[in-house]
Amino acid sequence: MDANSRALLSTVVPELQRRVLATEQACNAQGVSIVMHSGRRTYAQQLALWNARASNPNPAARPGTSRHETGLAVDMTPSPRTTAAWNVLWNAASNAGLALGKNFSRSDPPHFELPSGATDEATAGAIGFDVSSIPPEGIALAAVALIIILIL
């Protein structure tokens with residue numbers, strides 16, 4: 001994994017880091033390297049992907065719903081990008097306990113995430129879910145929802 005990939009990996013929760021590193025070790029043992037393309041994303045970064053979804057070959061989640069925004073997902077590809085290398089990556093990631101985006105209803109082959117309920121999900125916000133990146137209307141809606149919940 002190159003320096004840029006390691007920097008992207010450092011943005012996600014520790015449990016996901018551990019599982020990606022286990023995936024990398026298994027891939028390397030079979031002559032395949034991992035290239036990271038995305039780790040944790042801000043709301044603004046996710047919004048940009050959402051707005052460009054028509055030209056993106058992979059699906060993009062609506063901002064505020066992506067597991068990238070809470071550090072629970074990464075996008076990575078094998079090197080070389082051959083069918084055999086993809087299979088090595090998917091098998092290694094599955095063995096490390098990652099959910100594979102290729103198996104989602106809208107297939108997303110380079111996407112890997114902690115399965116729902118994984119240990120660090122409760123602490124995902126601790127790595128910096130940055131509310132300052134949420135537009136004011138999003139904060140206002142959250143405040144109204146909280147007030148309604150408190151009243152009820």
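Mentor: A helix here is a DSSP run of H or I of at least four residues, numbered from the N terminus. Please keep in mind that this is a predicted model.

Trainee: Understood. Where do R19 and E15 lie?

Mentor: Both are in helix α2, four residues apart, which is about one turn of the helix. R19 forms a salt bridge with E15, and the closest N and O atoms are 2.7 Å apart.

Trainee: Why would residues at that spacing point the same way?

Mentor: An α-helix has 3.6 residues a turn, so residues three or four places apart point the same way.

Trainee: Is R19 buried or exposed?

Mentor: R19 counts as buried because its relative accessibility is 13%, and buried means under 20%. E15, at 13% relative accessibility, also counts as buried.

Trainee: Which other residues of α2 are buried?

Mentor: Besides E15 and R19, the buried residues of α2 are L16, V20, T23, E24 and C27. Their cover includes α1 (3-9), β1, β2 and α4.

Trainee: What does E24 pair with?

Mentor: E24 forms a salt bridge with the side chain of R6, at 3.2 Å from N to O. This pair links distant parts of the chain, with E24 in helix α2 and R6 in helix α1, 18 residues apart. E24 is buried, with a relative accessible area of 6%, whereas R6 is partly exposed at 39%.

Trainee: How many salt bridges are there in the structure?

Mentor: There are five. One of them joins D75 and R41, whose closest N and O atoms are 2.8 Å apart. D75 is in strand β2 and R41 in the loop between β1 and α3 (43-51), so this pair also links distant parts of the chain, 34 residues apart. Both D75 and R41 are buried.

Trainee: Changing topic, what span should α4 have, and what does the model give?

Mentor: Helix α4 has 13 residues (83-95) and should span 18 Å at 1.5 Å a residue; its end C-alpha atoms are 18 Å apart, which agrees. G97, whose phi is positive, near 90°, follows α4.

Trainee: What do the buried residues of α4 pack against?

Mentor: They pack against α2 (14-28), β1 (33-38), β2 (73-79), β3 (99-100) and β4. Among the buried residues of α4 are W86, L89 and W90.

Definitions and conventions: Residues numbered from 1 in each chain as written. Predicted model: local features only at pLDDT ≥ 70, side-chain atom pairs only at ≥ 80, totals over all residues. Heavy atoms only, no water. Helix = DSSP H or I, 4+ residues; strand = E, 2+ residues; numbered from the N terminus. Expected span 1.5 Å × (residues − 1). Buried < 20%, exposed > 50% of the residue type's maximum accessible area, 1.4 Å probe, protein only. Contact = heavy atoms within 4.5 Å. Salt bridge = Lys/Arg side-chain N within 4 Å of Asp/Glu carboxyl O.
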